[in-house]
Amino acid sequence: MADPDARQERMFAQYVLPEVEVLLRVAMSLTAQPADAEDLVQDTLLRAYRAVGRFDGRHPRAWLLTIMRHAEVSRRRQRRPHLLDDPDTELDRLASAPGATPAASGATPEELVVDTAFDEAVDSAFTALSLRDQQVVRLVHVDGLSYAEAAQVLGVPKGTVMSRLHRARKRIRDRLVAAGPQGQRGGA
């Protein structure tokens, strides 16, 4: 009879390891901190390794995303005092990140001003969304998950993901239209 540990390692390599990159992208969407995302992925991988012997081999990504969602819920329960921290700290850090230099991008100064102003308008419209709408936009448009996979991660029905995404896109579009072409010219 085959060694159970060898079978478990073979299944882990077959079903889990190919999905590590997706897990890391989704974890970044859920946590917004690289260290927390890596911890969440590690916790997910550990849980998956322990349970891979009971896995039927169908839909490994959905299975892993469910494990990740449960792991994140558990982590949040353990860290509830952090919910009282100031969320603006992270936004300030992101706002002060250095931008591209004209020499590195090869763009004209005018193009840089327009691009920077447009990026700022998009960032502003995105950050104006509620956290749950930001999550669904990140999962679908940044991480490239399908509606069903995003629903699995968030623990909501697929239709909820679709309606949140529709509303989020509309809010972003409305804010960009309201900013108008003047918002794209920045300080020029």
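**The core and its surroundings**

Tutor: The largest nonpolar core has 39 residues, and Val26, Trp63 and Met68 touch the most other members. Such a core is a set of buried Ala, Val, Leu, Ile, Met, Phe, Trp, Tyr and Cys residues joined through side-chain atoms within 4.5 Å. Eight helices are listed as each giving at least two residues to this core: helix 1 (4-16), helix 2 (20-31), helix 3 (34-51), helix 4 (60-78), helix 7 (109-127), helix 8 (131-142), helix 9 (147-154) and helix 10 (158-185). Helices are DSSP runs (H or I, at least four residues), numbered from the N terminus.

The model is predicted: local features need pLDDT of at least 70, side-chain atom pairs count only at pLDDT 80 or more, and totals for chains, interfaces and linings use all residues. Residues are numbered from 1 along each chain as its sequence is written, and side-chain values use heavy atoms, leaving out hydrogens and water.

Take Trp63. Leaving aside residues up to four places away in sequence, Trp63 touches Val16, Ala48, Ala51, Val52 and Phe55. Contact means heavy atoms within 4.5 Å.

Now Glu19. This glutamate lies in the loop between helix 1 and helix 2. Glu19 is buried, at 13% relative accessible area; buried means under 20%, with a 1.4 Å probe and protein chains only. With residues up to four places away again not counted, Glu19 touches Arg61 and Leu64.

Just after helix 8, Gly144 takes a positive phi of about 75°.

Definitions and conventions:
Buried means under 20% relative accessible area, exposed over 50%, partly exposed in between (1.4 Å probe, protein chains only).
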